[in-house]
Amino acid sequence: MTLRFHKMHGLGNDFVVVDGREAPVAIDGALARAMADRHRGIGCDQLILIEESPHADVAMRIFNADGSEVSACGNATRCVAQLIGGEATISTAAGLLHASRTEGGISVDMGEPRFGWEDIPLAFAMHSAGLPLAWETLEKPWAINVGNPHVVFFVEDCDAVPLERLGPLIEHDPVFPERINVNVATIVDRGHLRLRVWERGAGLTRACGTGACATGVIAMLQGLVDSPVTVSLPGGDLSIGWAKGESIRMTGPATHVFSGEAELAAFGA
Ligand SMILES: N[C@@H](CCC[C@H](N)C(=O)O)C(=O)O
């Protein structure tokens with residue numbers, strides 16, 4: 001049996017997108033992990049499953065490369081919108097997201113952020129007790145949930161941070177029982193910041209849409225940048241707009257690379 005898929009990316013954060021509306025398909029964590037494998041599978045940072053939705057144009061499920069199912073993915077939201085015509089309401093585990101075509105590609109209303117440590121009880125207890133949350137040179141993290149959980153560190157030079165070593169330490173630290181996405185950012189000026197992200201369940205990626213939202217919002221809240229801010233990731237730029245009490249607007253490109261068919265038997269399915 002074969003499975004049709006689309007290979008897409010948002011600034012190099014790459015996806016295998018399966019449209020389950022064409023032919024219903026049961027994807028679980030093990031199958032997602034096998035398809036995401038860059039040597040024995042198709043290869044991607046996240047596998048995206050599109051399904052019918054009673055409340056929206058489509059529903060979207062997100063699996064990280066390690067097979068974990070999560071609730072939000074900014075770059076994939078733009079890709080799904082692009083695939084189904086640009087203008088779309090997309091149902092996710094984190095809520096309904098509205099996307100539209102714009103000059104810079106696809107623009108998505110990513111919903112309102114939730115600030116603080118309340119969702120992460122052990123880290124919250126440590127934070128409230130004044131206990132330091134630090135991993136070598138990375139200290140004083142900001143916690144924010146933009147549909148998925150992130151910590152953000154502002155540093156002198158994000159390119160100098162050994163994120164391939166510190167990222168997994170922080171992601172798997174027992175203070176984050178649900179694991180966490182790790183952002184290291186450097187302010188360039190009031191309209192621009194640089195960002196690298198160690199993604200939960202996927203590792204270092206070329207870009208992370210929710211990471212850009214999380215970091216842009218914290219930088220605005222701190223008065224370090226103005227809205228909209230350009231977030232430069234290794235794979236390219238996203239524009240992030242936000243004001244207190246409002247939802248986040250993320251704008252950037254979405255690229256369809258090719259469509260193909262995979263042998264399900266190759267994945268042990
Ligand atoms: N690449 C994504 C985020 C994907 C999910 C994340 N790794 C998590 O586990 O929450 C993006 O563009 O936002």
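**Entry 1: β17 and its partners**

I looked up the pairing of β17 (residues 229–233) and found five bridges to strand β18 (residues 236–241), the two running antiparallel. Strands here are DSSP runs (E, at least two residues) and helices likewise (H or I, at least four), numbered from the N terminus; two strands pair if DSSP finds at least two bridges between them. The model is a predicted one, in which local features need pLDDT of at least 70 and side-chain atom pairs count only at pLDDT 80 or more, while totals for chains, interfaces and linings use all residues. I number residues from 1 along each chain as its sequence is written.

I noted that β17 and β18 form a hairpin with two residues between them, and that Val231 stands opposite Leu238 in β18. I then checked strand β15 (residues 192–199), which runs parallel to β17 and is joined to it by three bridges. There, Arg194 stands opposite Ser232 in β17.

I recorded four of the five residues of β17 as buried; buried means that 20 or more other C-beta atoms lie within 10 Å of the residue's own, exposed means 12 or fewer, and partly exposed lies in between, with C-beta atoms placed from the backbone.

**Entry 2: the annotated cysteines**

I consulted UniProt, where an unreviewed entry annotates Cys73 and Cys208 as "active site"; such annotations may be inferred rather than shown by experiment, and the positions are given in the numbering used here. They span 136 residues in sequence, yet no two of their C-alpha atoms are more than 7.7 Å apart, so they gather at one spot.

I located Cys73 in the loop between β5 (69–70) and α2. Cys73 is buried because 30 other C-beta atoms lie within 10 Å. Leaving out residues up to four places away in sequence, Cys73 touches Gln46, Ile62, Gly209 and Thr210 (contact: C-beta atoms, placed from the backbone, within 7 Å).

I located Cys208 in the loop between β16 (203–204) and α5. Cys208 counts as buried, with 34 C-beta neighbours inside 10 Å.

**Entry 3: the ligand shell**

I listed 18 residues around the ligand, the closest being Asn75, Asn148, Arg200, Gly209 and Thr210 (C-beta atom, placed from the backbone, within 6 Å). The elements giving two or more residues to this shell are α2 (74–83) and α5 (209–221).

I noted that domain 1 (2–110 + 254–267) and domain 2 (114–246) both contribute to the shell, so the ligand lies between them; the domain bounds come from an automatic or database assignment.

Technical notes: Two residues are in contact if their C-beta atoms, placed from the backbone, lie within 7 Å.
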